[in-house]
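Please look through the sequence and the structure shown here before reading on. The report that follows takes up confidence, overall make-up, and then some local features.

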Amino acid sequence: MIVVSIAQPPPDGGGSAPRTDAPVSELVQRASQQLTELVRGEMRLAQAEMKENCKRYGKGGGLFGGAGAVGFLMLQALAATVIAALAVPLPVWAAALIVAATLGVTAAVMALAGRKQIKEGAPPAPEQTVESVKADVAEIKESAQR
């Protein structure tokens with residue numbers, strides 16, 4: 001958090017008392033400059049936070065994609081095995097139909113569960129930056145009331 005301060009040491013170099021005889025225009029200009037620096041700093045923080053989050057989402061997505069491809073191949077082999085096993089007592093078409101229907105129901109249940117999880121997920125917002133900005137605004141309001 002950046003604290004806005006308009007007091008300066010006297011020109012003689014002593015740090016004992018803040019300078020209060022500065023013109024109002026200079027004080028307003030200094031406050032405006034500090035507020036601009038504050039906003040720019042918060043924007044840089046938000047950008048860095050979002051960049052880090054996006055990198056993690058990208059890596060996680062890539063790993064999930066690879067796992068999905070291998071899992072898909074495994075399920076194909078398993079489905080062929082189940083069809084072959086069911087084809088012993090049943091006709092091949094009936095065994096394939098049973099396996100296809102089972103896989104369809106499983107896919108529908110998984111899709112509904114995934115949809116529910118996405119709805120419950122929080123939006124990827126820069127939470128630290130939001131909290132920091134709120135604290136900065138509260139500090140500025142408190143300083144303005146003095």
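## Confidence in the model

Within this protein, confidence is highest in helix 2, where the mean is 92, and lowest in helix 3, where the mean is 81. Where pLDDT is low, the predicted coordinates should not be read in detail.

The model is a predicted one, and the mean pLDDT of the protein is 82, with 82% of its residues reaching 70 or more.

## Overall make-up

The secondary structure consists of three helices and zero strands, and, read along the sequence, the pattern is α-α-α. Of the 146 residues in the protein, 10% are buried, while the protein exposes about 11,400 Å², of which carbon and sulfur atoms supply 68%. Among contacts between residues at least 6 apart in sequence, 55% join residues at least 24 apart.

## Helix 1 and what covers it

Which residues of helix 1 are buried? They are Arg30, Leu38, Glu42, Ala46, Glu49 and Ala79, and what covers them includes helix 2 (92–120) and helix 3 (127–145).

Ala79, which is found in helix 1, counts as buried because its relative accessibility is 15%, a value under the 20% cut-off. Leaving aside neighbours within four places in sequence, Ala79 is in contact with Val99 and Leu103. Although Ala79 and Val99 are 20 residues apart along the chain, their C-alpha atoms are separated by 6.8 Å.

## Two salt bridges

Side chains of opposite charge can pair when their charged atoms come close. In this model the count comes to two salt bridges.

One of them joins Glu26 to Arg30, with the closest N and O atoms 2.7 Å apart; because these two residues are four apart in helix 1, about one helical turn separates them. Glu26 is partly exposed, with a relative accessible area of 26%, whereas Arg30 is buried, with a relative accessible area of 12%.

The other salt bridge is formed by Glu52 and Arg56, whose closest N and O atoms are 3.4 Å apart. Glu52 and Arg56 both lie in helix 1, four residues apart, which is about one turn of the helix. At 38% relative accessibility Glu52 counts as partly exposed, while Arg56, with a relative accessible area of 59%, is exposed.

## A nonpolar patch on the surface

Where on the protein does the largest share of the nonpolar patch come from? Three of its residues, the largest share, come from helix 1. The patch is formed on the surface by Leu35, Val39, Met43 and Ile140, which together have about 350 Å² of accessible area.

Ile140, by contrast with that share, is found in helix 3, and this residue is partly exposed because its relative accessible area is 31%, which lies between the cut-offs of 20% and 50%.

Methods
Residues are numbered from 1 along each chain as its sequence is written. This is a predicted model: local features need pLDDT of at least 70, side-chain atom pairs count only at pLDDT 80 or more; totals for chains, interfaces and linings use all residues. Side-chain values use heavy atoms; hydrogens and water are left out. Buried means under 20% relative accessible area, exposed over 50%, partly exposed in between (1.4 Å probe, protein chains only). Contact means heavy atoms within 4.5 Å. Patches are made of residues with over 30% relative accessible area and no salt bridge: like charges are joined within 9 Å, nonpolar side chains (Val, Leu, Ile, Met, Phe, Trp, Tyr) within 5 Å. Accessible areas come from the Shrake-Rupley method with a 1.4 Å probe; for residues, only the protein chains shown count as cover. A salt bridge is a side-chain nitrogen of Lys or Arg within 4 Å of a carboxyl oxygen of Asp or Glu. pLDDT is the predictor's confidence in each residue, from 0 to 100.
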